[in-house]
Amino acid sequence: MLNDRQSHGLWERTAPPPPQTKKLAGDVAADVAIVGAGYTGLAAALHLAERGLATVVLEAAQVGSGAAGRSTGMVNAGLWMMPAVLKETLGPIYGDRMLELLRDSPRRVFHIIDKHNILCEVKRVGTIHCGTGKKGIAEIAERARQWQALGAPVHILSADETHLRTGTTAFPTSLLDLRAGTIQPLAYVRGLARVAIASGARIFTASPVEHIVREGNDWRLATEGGSARAKWVFLSTNVYTSQIFPELRGGQVVLPFFHFATMPMAPSIHRTILPEGHGAWDTRTPMTAFRRDDAGRLIIGSVGALRGTGTRIHRNWARRRIRALFPQLGDIEFEHEWYGRIGMTSDHLPRLHAPAENMIAVTGFNGRGIAPGTVFAGEIARYISGEVPLDAMFLPVSSVRNTFLRALREGYYELGAQIAHLPPAR
Ligand SMILES: Cc1cc2nc3c(=O)[nH]c(=O)nc-3n(C[C@H](O)[C@H](O)[C@H](O)COP(=O)(O)OP(=O)(O)OC[C@H]3O[C@@H](n4cnc5c(N)ncnc54)[C@H](O)[C@@H]3O)c2cc1C
């Protein structure tokens, strides 16, 4: 990942360096072994270490090298589905628990950032969901209605207000969610690693776990250079799962998602585009996401993989889309491009798995992993440390199983994105 702009792009360029970590060599013992150093694994490591549990994190590549270091960096307070659908799908008990946990989730991310002084370009001014077309306008109104009924600080913005806050006249309406905000995602995940280490956790990178076996009352996680022995295992590898438990990956359909970042905008233009630093996205399919970084670069993202024919198609689309949204910017060069994998589940809900005794996993963030990953990790730490039983968790435990026709669906996402991003026929 290091110096690989194709994979982590702008975030690699502007994030503070990661804390020093080594490859696992020899055998180590711990109370808990965590597999995967993204938001979820590292937030769990922090919470567990703070409780005094000996915690080891094993990461296949580098801190944040999965989806965490590639994301758009929107710290949102919900999942993709609307609150009412979430409650209907999960039922009243788990539905209420999940909504309660999520509504507070950005505040808990910002609390960790403040408490540990994590430098990650944090902006807590809210995010803006822009509505377009008849369906999109109705969706924004319904989302606002449902969240407002739950007492959430969300507001409908008029076309003028949306223009003022985003700098584009493309949207007749939008939803401002004041709970949310943006971060530099790789800087956040590296910050989590730093504070987890400072709290006593040990992190080993370049140490893919090759297999996990039961030995007496413990688990042994074997890597090429050594092994970790622990009473508990937390699998936080999500859709980047490699080598172990292929079903964790197979239970999700990969939605590729790319970003292009411009060079820093001229100050006069900079002041007109997302002037308060909001992150935004729209109701189109496939959607357009846009935000700025601290240096005034405009970052635009959408569905698609930057490989093969996709690279040129998606890059040309990004140029046209920027021209349509922000004509004041003129033609501006892209400095960075990168993409990653989002793991989608069939009902757009995450999954909690308990594949064996003293082993737990959470997957399927459906593109909403920053705040949910952070708060789910806190709950999992409470469970592992014996503070709450498994049936008090945010989700019921489900069995791991592969998604039906997964490869076909993944091909459909990428092909569909390329077709949608072709220039309109004249
Ligand atoms: C392009 C993009 C944009 C996104 N935008 C947003 C956004 O704006 N807001 C938001 O909330 N979410 C967003 N997401 C989703 C979010 O990034 C993910 O949900 C989140 O990163 C999941 O965190 P995680 O820690 O569970 O997994 P990951 O961050 O994917 O980390 C998993 C780690 O496990 C490691 N691993 C895998 N197998 C092994 C093994 N055998 N041994 C050791 N380590 C292993 C991987 O190397 C990886 O580092 C986006 C995702 C992408 C790809």
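**Cavities and ligand shell**

Strand 4 gives the most to the lining of the largest cavity, with 3 residues. Strands (E, at least two residues) and helices (H or I, at least four) are DSSP runs, numbered from the N terminus. The model is predicted: local features need pLDDT of at least 70, side-chain atom pairs count only at pLDDT 80 or more, and totals for chains, interfaces and linings use all residues. Residues are numbered from 1 along each chain as its sequence is written, and side-chain values use heavy atoms, without hydrogens and water.

A cavity is a set of points, on a 1 Å grid over the protein atoms alone, where a 1.4 Å probe fits but cannot get out; lining residues have an atom within 4 Å of a point. The whole structure holds 2 cavities of 30 Å³ or more. The largest contains about 160 Å³ of space. It is lined by 16 residues, and Trp147, Leu175, Asp177, Trp281 and Arg368 are the closest to its centre. Strand 4 (127-131), helix 5 (133-149) and strand 6 (173-177) each supply at least two residues of this lining. The second largest cavity has a volume of about 60 Å³. Its lining includes Glu121, Lys123 and His278.

The ligand is surrounded by 37 residues, each with a heavy atom within 4 Å of it. Strand 16 (334-344) is one of the elements that each supply at least two residues of this shell. An oxygen atom of the ligand lies 2.6 Å from an N or O atom in the side chain of Glu59. The protein covers 97% of the 1000 Å² of accessible area that the ligand has on its own (Shrake-Rupley method, 1.4 Å probe).

Conventions. Polar contact = N/O pair within 3.5 Å; in protein donor to acceptor, adjacent residues only side chain to side chain. 1 Å grid on protein atoms, 1.4 Å probe; cavity = no way out; pocket = protein on both sides within 12 Å on 5 of 7 lines; lining within 4 Å. Points joined across faces, edges and corners; volume = space filled by probe spheres on them.
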